[in-house]
Amino acid sequence: MSTKTPQAIRGTQDIFGAEAEAFAHVVETFERVRKLYRFRRVEMPVFEKTEVFSRSIGETTDVVSKEMYSFEDRGGDSLTLRPEFTAGIARAFLTNGWQQHAPLKVATHGPLFRYERPQKGRYRQFHQIDAEIIGAGEPQADVELLVMADQLLKELGISDGVTLMLNTLGDGESREAWRAALVDYFRAVQGELSEDSQDRLEKNPLRILDSKDPRDKAFVGDAPKIDDFLSAEAQDFFGKVTSGLDAAGVEWTRAPSLVRGLDYYRHTAFEFVTDRLGAQGTVLGGGRYDGLMESLGGAPTPAVGWAAGIERLAMLVSDGGSVPADKLEAAVLVENDEGLPAAIKLLSGLRAAGVSAEIVASGSPKKRYDKAVKLGPQAILRVNETGYYGFSVDGENPRLDAFIKSLV
Ligand code: ATP
Ligand code: MG
């Protein structure tokens, strides 16, 4: 047997220390904000039948064609580690009869898996927070989700330098007309496009607009714009989204070439982008996906949602955002072994009262004192064989004060 320690898989992360605190802060803030907007929590399976993703996200997308972790399980079924949340939530909506709860506002977070080239801000196992409104066709649902995203970024202290880029892809009819114009336009320069985009030209020309290849980017600026093809209905829908954002005081920028990397979007598409993360600039993205439920065999069901990479949010939080200080409130200093039972009792009393506490109970008396100081507590509570007998405090702490008063 080898005595060498196995290495972690490339593109996975072991998150620890300040990074882990920033990560947890993103999740905690999301949990708080989603409750303000009354999104219900859901927990989803990490793997699904492969068709859940291939039928909804689209066979020609990067995610399905190159990035999925798919495997055959022992029973011979093709399974896939989820590359996103939306498809699984849509599957659950259909298979569990969640229609009865429509319009359904749900939120979740957890790990996702994509076979991508690992680099800063891009991993093979990464994590997202996710929010969806299913069964709501009104632009107000889009507005609600965007306002929630905006509030989240503000509460994380990272909204400076982050811009909401907003577009509409129109309804089915507008999208088809735009698509045809894009095919004409890109066909004229076909030979100069990347290989991937030459391929997309037939299957899904909108995706060329989302290409990261500089050969394609050169032509994207002058490509036909959706605005020339929007039906009156689609224009009206988009107008209601933007006026809702204005009313809520959410700043946005029109991005006429913005499409999302997945096939299922209609009407609203958006990304919150920053220039502080290099090429990995999209921190939160989403849109309306009215066609998705049908691709999974369900009745037509309008829906809209977004997802954000927790790692990218946490990186922004770490440089310039606000992670609340995590200061120890009470250190219980046990001066001798006879004092230990009293100290344990005191310690559990403190924690039950909501005061964070650590015990120092080993080493020489001098070492113990030094250890307690090193923990940087607000208060050191001293215990000896006669029990608790005194403390020293540094700063204000009403909860701790109340607890100490209750002891005498
Ligand atoms: P990108 O254009 O960066 O590849 P995407 O369009 O594939 O993003 P989505 O599928 O919309 O991304 O996922 C939403 C968010 O999830 C992204 O904006 C990003 O914050 C995060 N994300 C996506 N892929 C990764 C990854 N491999 N590692 C870390 N975060 C990721
Ligand atoms: Mg991607």
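Predicted model: local features only at pLDDT ≥ 70, side-chain atom pairs only at ≥ 80, totals over all residues.

Visitor: Which strand gives the most residues to the shell around ligand 1?
Guide: Three strands each supply at least two residues of that shell, namely strand E6 (125–134), strand E10 (282–288) and strand E11 (303–309). With 3 residues, the one that gives the most is E10.

Visitor: How do the residues of the shell around ligand 1 divide by class, and how many are charged?
Guide: Of the 15 residues around ligand 1, those that come nearest are Arg 114, Glu 116, Arg 122, Gln 128 and Arg 260. Taken over the shell, the division is 5 nonpolar and 4 polar residues, while the number of charged residues is 6.

Visitor: What percentage of the area that ligand 1 exposes when taken alone does the protein bury?
Guide: Among the polar contacts, a nitrogen atom of the ligand is 2.9 Å from a polar backbone atom of Tyr 123, and an oxygen atom is 3.5 Å from a polar backbone atom of Val 283. A side chain takes part as well, with a polar atom of Arg 312 lying 3.3 Å from an oxygen atom of ligand 1. Taken alone, ligand 1 exposes 580 Å², and the share of this that the protein buries is 92%.

Visitor: Which elements give two or more residues to the lining of the second largest pocket?
Guide: This pocket has a volume of about 200 Å³, and of the 13 residues that line it, the closest to its centre are Asp 150, Lys 154, Ser 159, Val 162 and Glu 251. By class, its lining comprises 6 nonpolar, 4 polar and 3 charged residues. The elements that give two or more residues to this lining are helix H5 (139–155) and strand E7 (162–168).

Visitor: How much space lies in the largest cavity?
Guide: The structure holds 2 cavities of 30 Å³ or more. Residues lining the largest cavity include Arg 175, Asn 204, Arg 207, Arg 260 and Asp 263, and by class this lining has 5 nonpolar, 1 polar and 4 charged residues. The space in the largest cavity is about 60 Å³.

Visitor: And how much space lies in the second largest cavity?
Guide: Its lining is formed by Met 44, Pro 45, Glu 48, Phe 53, Arg 82, Glu 84, Phe 85 and Gly 88, which divide into 4 nonpolar, 1 polar and 3 charged residues. The space in the second largest cavity is about 40 Å³.

Visitor: What distance separates the centres of domain 1 and domain 2?
Guide: The chain is divided into domain 1 (17–171 + 231–320) and domain 2 (330–407). Taken over C-alpha atoms, the separation of their centres is 46 Å.

Methods. Residues numbered from 1 in each chain as written. Chains lettered and ligands numbered in written order. Heavy atoms only, no water. 1 Å grid on protein atoms, 1.4 Å probe; cavity = no way out; pocket = protein on both sides within 12 Å on 5 of 7 lines; lining within 4 Å. Points joined across faces, edges and corners; volume = space filled by probe spheres on them. Helix = DSSP H or I, 4+ residues; strand = E, 2+ residues; numbered from the N terminus. Nonpolar A, V, L, I, M, F, W, Y, C, P; charged D, E, K, R; others polar. Domains from an automatic or database assignment. Near = heavy atom within 4 Å. Polar contact = N/O pair within 3.5 Å; in protein donor to acceptor, adjacent residues only side chain to side chain. Areas by Shrake-Rupley, 256 points an atom, 1.4 Å probe, with all protein chains shown as cover.
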